[in-house]
Amino acid sequence: MKVIVCVKQTFDTEAKIELKDGKIADAGINLIINPYDEVAVEGAIQLKEKGVAKEVVVVAAGPDKAMDAIRTALAMGADRGILVQQDVAADEYARAVALSEAIKAEGPDLILAGHVAADDGSSQVPTRIAEILGYPHINVITSLDIADGKVTASSEADGGTQVTEVAIPAVISSQVSWNEPRYPSMKGIMQAKKKPVATVAAAAAENKTKILEFSLPPSKQAGIKIEEEPDVAAAQLADWIKNTAKVEPK
Amino acid sequence: MAFGFEPFEGAYEVAERVVGANVPYEWLIYFIMFIPIVVFLYGAWKRIEIWTLGEGKINRFDKIWVRVMSWFTFSFAQARVIRKPLAGWMHALMFWGFLVLAAAAGVDAAHYWTGWPPIIGNAYVVFSCIVDIMGLLALVGIMVLFYIRYIMKPERLNDTKAEDGWMILLIFVILVTGFFLEGLRIHVQILLAPTGDTSHLAVAADYERFASPVGWIFAKLFSWMSMGAAEWSHRILWWFHMAVAFLFIALVPFTKLWHIVAGMCNYAFRDLGPSALRMVDNIEEAETFGVERIEEFSWKDILDLDACTRCGRCQENCPAYNTGKKLNPKITIIQNMKAHMYAKAPYLLEARKAALSARETGEAPVAVAEGIAVAADTSLIYDVVTAEAVWDCTNCRACMEHCPVFIEHIPKITEMRRNLVMWQGDMPSEAQAAFTNMERNYNPWGVGWALRSDWLEERGIRDIVNLLPEDGGDFEYLFYAGCAVSFDDRYKRVGEALIRLLRKAGVSVGYLGTEEYCCGDSARRLGNEYLFQTLAGQNIESFNNYGVKKIIVVCPHGYNTLKNEYPQLGGQYEVYHYTEILAELIEKGKLQVTTPINSRITYHDSCFLGRHNGIYQQPRSVLKTCGVSLVEVEKSKEFGFCCGAGGGRMWLEEEAAEGHKRINDTRTAQLLAPEPKMIVTNCPFCLTMISDGVKGTDQGETVKVFDVAEVLWKAVEQTI
Ligand code: SF4
Ligand code: SF4
Ligand code: SF4
């Protein structure tokens, strides 16, 4: 069985985001493999270790820098990589088209991806890929079983768990609680350097969306501290809510 | 002289050392003695051959003179052994006694071979008296050692084997038969002596009272014996005594007695440097990482296995062992590895031979490879030591501090961690998280690196700090805040106290802010050498960019790393821990206490300031200036008990073992025992661990945990 994992390179989750000329300033920001995709990579490698998967291929759409994300996945244990060269400005639609093209050429049995990217948080790409390829799709899974050409996966449903069965090929997107991604060993990193990575051009697709503006969330205001006896404190707080914060009853 | 021997002569005209009299064919001994010597040499070679199986690189042939001195001091002065008051001194007595007795035997042999005149007169009396008394001390030593091992049974000797008893018996028999011989000889001499003028010393061999005071007592024990019986007993016992003594020599390489040789080697080949982990050179080009198979250790590490005396001093002081963990430096590390090495050695030796002959004949060694495979079936890390034990260690250095033969436990544990992390990729998930955090954000907490200097604003000290990337002012000392000051809310206060103290004392400091990185201690000690070298390289680059010469470090882990480990990567600076600086400022009168703090406190020595760097006095003197009454806890200074956070364990979960508390809770209980008002420490990790510990007790509300810097700031400025 051939498994394809889609990975995206994102900003480090702790990175300090700043805007410059209305755009996100990326100087000094560390780029990482999207943590949700990392879980998908781990899931794929575990399938390989169990003997279910024969080959694990990582696919990333993005600029040349995205090669680092592919190398990380290879260091974790994936077999080879494909970098679909695409501008970072590509939207979810264009990205899904580009990835689907590359996936089609590989003809995998299973496509894994994180259910959301840590940067834009749009949660669209895996679902769009399933749509474009016409494959069944299970979203936000926390466990996965493969037997007799079928995938059985549990996913989070409101207040419970949903178990779904689909035929392969299928597109499966992972929740972070599925597994704990491994830390690549030096052995893995050394081997990764020798693993093949193909670079292909992205299939042409126009963006369907246009970003109008970026803005940062308002910075946190310092709280106030009232150090009084409870009755006095309560009165002061009420006053503050009414006159300073100006919270009006509806 | 019918049998070629002299009879006893009773008293000699002048006092004289009697060698071999009354024993037929006594001279044979000087030829027979080559048998044990040959056996010894053969056995020794067999053991040393095993040391040569170590493939790892290490250089212990530098600084030859220091090594010779080290060998001499620690072997002959027993300087390290006597650190354990009773057992150590008894061992030393036995050792010195044996040494003198062996020297006396050597003089006798030399006398035989070279025909030196016998030792006579007062020289004899003095010489003999010393030997006699040393023999007695050795006898006392071995008997007390027997008493300790078999009657007192301290916990540290929990792996007593039959061999231990046999060796004690052997030594005891050699000493006692020696005194019996001396007693019998003197008894016969007394019988032979002309009676009469008792004022003459020669009469009745009276000089032996002074020359052989102990032998004299033994002579009295035999006073009932007839002359003939005494002579025959003497002859038989003499051969017996010699046989046992030769047995001793021959047994050295084959028994625990081998520690005499291996231990002395360890004194010469010990690590002479400061406390640092071993450097991995050219890590970019390395093809394996750490040690997976025992033969990948260096020869010194294998020698260590032989040198271990099973004295259990390491075990006795190990926080992991004392809280019921799998790790026991004596057993799980050294003795298990030793057994494994000896099981595998025959195959390794064969493989080496086969490889050599293959090189000559051009044929590949096939058969041996199978044997090796069998031995290799046992995994060093997973079966012999176990990964659990490898992760248990807090790098507290208690084992290495107290080991009488300078065995290096931590480097061995680190090599195995290196293999687990960098080669097998097998590590606790919390370690993974810490690595990822240090990799991406240069601190183990994982807070965004761009926020590294935000604590200045938070603590309201931005305007009094020379933040080099922004202000770029001149400075004398670099203030290396470290990750804890930067990101741990509690420890930011300590950073503030220090900045304010240094400013008050007029010390010029600069701070790197976001151009400072994690020191890498946790990464290195958790086995991620690659990450350590990356972080250290980044720091060194920053330091050099700003022309840093002197550094004040807040965290003892950072202190140890910058001071002792950065030189391995070319980072040479004058590195101080802040307690050293504060003590000096107080001494120079630059900081004056205005409001003494009259609290009863206990002080916790962090391992990296204490055992790793020997700083015990400065923090205490700072505290004393503050006016506190410091109550020393039972385990302090060299014997300080770890808080559990060292060796990167700060980032790993610790589960309490059945019937034990966790390490930090154990330490907290010790610190709370004298009922202090506060507990004071000097390290962010200790502060965290002990604060957590205190919270879990019923003193959680009343006892506060502070850092030395905070206590001083309070005493100087009345605020905290
Ligand atoms: S360093 Fe400390 S924890 Fe580690 S083995 Fe030695 S005594 Fe035990
Ligand atoms: S390692 Fe050192 S301290 Fe531990 S038992 Fe052996 S000789 Fe004693
Ligand atoms: S060991 Fe000290 S300096 Fe290094 S990460 Fe930690 S707190 Fe920071």
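For the classes used below, Ala, Val, Leu, Ile, Met, Phe, Trp, Tyr, Cys and Pro count as nonpolar, Asp, Glu, Lys and Arg as charged, and the others, Gly among them, as polar. The model is predicted.

**Exercise 1.** Which elements supply at least two residues of the lining of the second largest cavity, and which gives the most?

*Solution.* 
Step 1. The volume of the second largest cavity is about 100 Å³. Of the 15 residues that line this cavity, B:C318, B:L327, B:P329, B:C393 and B:C399 lie nearest its centre.
Step 2. At least two lining residues are supplied by each of α13 (319-322), α18 (398-402) and α19 (409-424) of chain B. The most is given by α19(B), with three residues.
Step 3. The classes in this second lining are 11 nonpolar, three polar and one charged.

**Exercise 2.** Where does ligand 1 sit, and which residues surround it?

*Solution.* 
Step 1. Ligand 1 is located in the second largest cavity.
Step 2. The residues around ligand 1 are B:C318, B:P319, B:L327, B:P329, B:C393, B:T394, B:N395, B:C396, B:R397, B:A398, B:C399 and B:I410.
Step 3. This shell divides into nine nonpolar, two polar and one charged residues.

**Exercise 3.** Characterise the interface between chain A and chain B by its residues and its buried area.

*Solution.* 
Step 1. Chain A contributes 16 residues to the contact, and chain B contributes 26 residues.
Step 2. The size of an interface is often given as the accessible area lost when the parts come together. Between chain A and chain B, the buried area is about 1700 Å², with 53% given by carbon and sulfur atoms.
Step 3. On the chain A side, A:Y183, A:M186 and A:K187 supply 40% of the area that this chain buries against chain B, more than any other three residues.

Terms used:
Residues are numbered from 1 along each chain as its sequence is written. Chains are lettered from A and ligands numbered from 1 in the order in which they are written. This is a predicted model: local features need pLDDT of at least 70, side-chain atom pairs count only at pLDDT 80 or more; totals for chains, interfaces and linings use all residues. Side-chain values use heavy atoms; hydrogens and water are left out. On a 1 Å grid over the protein atoms alone, a cavity is a set of points where a 1.4 Å probe fits but cannot get out, and a pocket is an open set with protein on both sides within 12 Å along at least five of seven lines; lining residues have an atom within 4 Å of a point. Grid points are joined across faces, edges and corners, and a volume is the space filled by probe spheres set on the points. Helices (H or I, at least four residues) and strands (E, at least two) are DSSP runs, numbered from the N terminus. A residue is near a molecule or strand if one of its heavy atoms lies within 4 Å of it. A molecule sits in a cavity or pocket if more than half of its atoms lie within 2 Å of its grid points. Contact means heavy atoms within 4.5 Å. Buried area is the accessible area (1.4 Å probe) that two parts lose on being put together, summed over both.
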